Amino acid sequence: MDQTDNSIGKNYAYEIKGGVPLKGNIDISGSKNAALGVIAASIMVDGACTLENVPDILDVHVMLDLLKTLGATVDKIDNHTFRINPTTINTYKASGPLVSRIRASYYLMGALLGRCGKASIRLPGGCNFGTRPIDLHLKAFQLMGATGANPSDINSGTVNLEANPLHGARIYLDIVSVGATINAMLAACKAQGVTEIINAAKEPHIVDVANFLNSMGARIKGAGTDIIKITGVPVLPGNFTYSIIPDQIEAGTYMIAAAVTDGDVTIHNLIPTHMEPLSAKMREMGYTIEEGDESIRVYRENVEQELYPATVKTSPYPGFPTDLQPQTVVLLCSANGQSRMHENVWQNRFQYVPELAKMGANIDVYERIALVNGKTSFRGATVEATDLRAGAAMVCAALEASGTTYIMNAQRIDRGYEHIVQKLTDLGANIRRVNDVPEYGEEDTEA
Ligand code: UD1
């Protein structure tokens with residue numbers, strides 16, 4: 001993760017004293033992945049726009065800073081509201097170090113092509129869980145008439161694209177890709193004619209980016225289905241206020257944190273249908289999931305009853321989200337018996353398992369399948385947040401564990417979780433951020 005790490009400033013750790021059942025109410029923030037797509041899309045607008053419910057997290061700050069390096073005017077109205085005026089953009093080049101701090105900087109390819117007709121972008125960063133190609137993004141641009149979109153054109157890690165001009169195209173994605181779907185949609189908004197994206201990804205944040213663009217004057221139909229049809233427009237007038245959807249993955253992480261501590265938590269400001277893949281598995285295991293209009297309560301009616309093991313397979317939406325896979329593996333550790341986790345999206349997303357083993361987990365990994373042998377009673381240890389969601393999984397394990405856990409490189413967790421220390425503290429957890437931690441690798445003797 002080193003070369004793609006998004007650590008801004010100092011590295012730090014989280015100290016968690018576990019064993020406290022979480023109780024109370026919590027509010028979910030705006031979606032990280034939707035915000036990143038919408039902020040990138042905002043540079044295509046021909047006026048200003050105001051974004052609300054923007055999560056106050058590191059990745060979002062990097063994206064907003066990236067916009068400023070392009071010349072856009074970004075005004076902070078409050079911690080969650082920003083006014084973006086892209087008409088001051090004066091370059092189509094994004095080549096500084098910020099680009100490689102986050103994965104979503106790849107959206108600047110489609111957005112700059114749409115705005116400037118040219119894009120010169122350094123290859124993106126993000127969490128390191130296997131090869132993360134962008135061939136499908138490039139294929140889409142090529143079909144729309146861009147030059148420089150041949151993988152062999154990538155020169156010293158920079159993609160140089162030029163619209164010649166961009167025109168509508170029929171784009172079939174042979175792998176369902178969130179990033180390629182959004183990038184193609186962005187570029188197509190201002191292309192001449194009609195674009196069809198076939199076998200498109202259907203994630204909630206794709207719908208959110210499409211809704212944002214439509215509110216700015218784009219003509220996108222079918223987002224959220226596997227065929228998206230975009231009729232290009234010459235101008236996106238903008239001058240609109242848009243509110244980002246709640247974060248599905250943050251909500252799922254808190255559902256799991258509540259469950260593993262045998263707590264009773266009501267999670268507000270979420271969309272229950274987005275949580276269905278997780279809610280269904282949690283019910284299967286023996287948890288009670290009560291849905292309100294915009295909330296979910298998680299608890300267990302009989303904590304003496306053993307939890308059932310489960311088989312979980314990650315897949316594109318509406319399947320089980322890969323970004324909840326590590327946290328769910330922690331949950332499966334609580335079950336009485338062997339569970340299975342199939343990782344069908346990423347090649348190498350079980351890198352965190354040796355860290356969980358330090359806390360007592362008994363997990364055997366066979367390529368893309370993890371056999372989770374429950375029931376584990378986690379114990380405190382010093383572990384490393386190997387990436388954003390793996391770090392979140394370690395937070396869940398640490399909240400359940402006996403003794404004290406130190407999670408090193410916790411700034412990786414802050415890439416995607418707004419005010420996690422405060423939110424968990426409000427639920428009764430004993431968590432704090434520390435800069436001085438026991439020597440890395442040393443086991444906690446309190447456990
Ligand atoms: C996005 C999310 C990430 C999540 C992932 C899957 C953002 C910023 N990140 O990442 O958190 O884990 O969706 O839900 O929204 N692929 C190719 N060629 C390509 C593009 C993708 O082969 O050109 C493959 C990837 O290797 C992977 C699969 O397609 O196996 C899905 O990747 P994709 O949906 O594109 O993930 P991201 O958009 O990078």
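Me: Which residue in β13 is the bridge partner of T50?
Reply: T241 is the bridge partner of T50 in β13. The model is predicted: local features need pLDDT of at least 70, side-chain atom pairs count only at pLDDT 80 or more, and totals for chains, interfaces and linings use all residues. Residues are numbered from 1 along each chain as its sequence is written, and side-chain values use heavy atoms, with hydrogens and water left out.

Me: How many bridges join β3 to β13, and are they parallel or antiparallel?
Reply: Four bridges, and the two strands run parallel. β3 covers residues 49-52. Strands (E, at least two residues) and helices (H or I, at least four) are DSSP runs, numbered from the N terminus.

Me: What is the strand order in that sheet?
Reply: β4-β5-β3-β13, an open sheet of four strands with mixed pairing. Two strands pair if DSSP finds at least two bridges between them.

Me: Which are the edge strands?
Reply: β4 (73-78) and β13 (240-243), each pairing on one side only. Neighbouring strands are turned by 20° against each other on average, direction ignored. The axes are lines fitted to C-alpha atoms, and angles run from 0 to 180 degrees between N-to-C directions.

Me: Switching to cysteines. How many disulfides?
Reply: Zero in the whole structure. A disulfide here is a pair of cysteine sulfur atoms within 2.5 Å. C116 is in none, and the nearest cysteine sulfur, that of C189, is 15 Å away.

Me: Is C333 buried or exposed?
Reply: C333 is buried, at 0% relative accessibility. C116 is partly exposed, with a relative accessible area of 35%. Buried means under 20%, exposed over 50%, partly exposed in between (1.4 Å probe, protein chains only).

Me: Now pockets. What space lies in the largest pocket?
Reply: About 1200 Å³. A pocket is an open set of points on a 1 Å grid over the protein atoms alone, where a 1.4 Å probe fits, with protein on both sides within 12 Å along at least five of seven lines. The volume is the space filled by probe spheres set on the points, which are joined across faces, edges and corners.

Me: How many residues line the largest pocket?
Reply: 49, with R132, V178, T322, V345 and W346 nearest its centre. Lining residues have an atom within 4 Å of a point.
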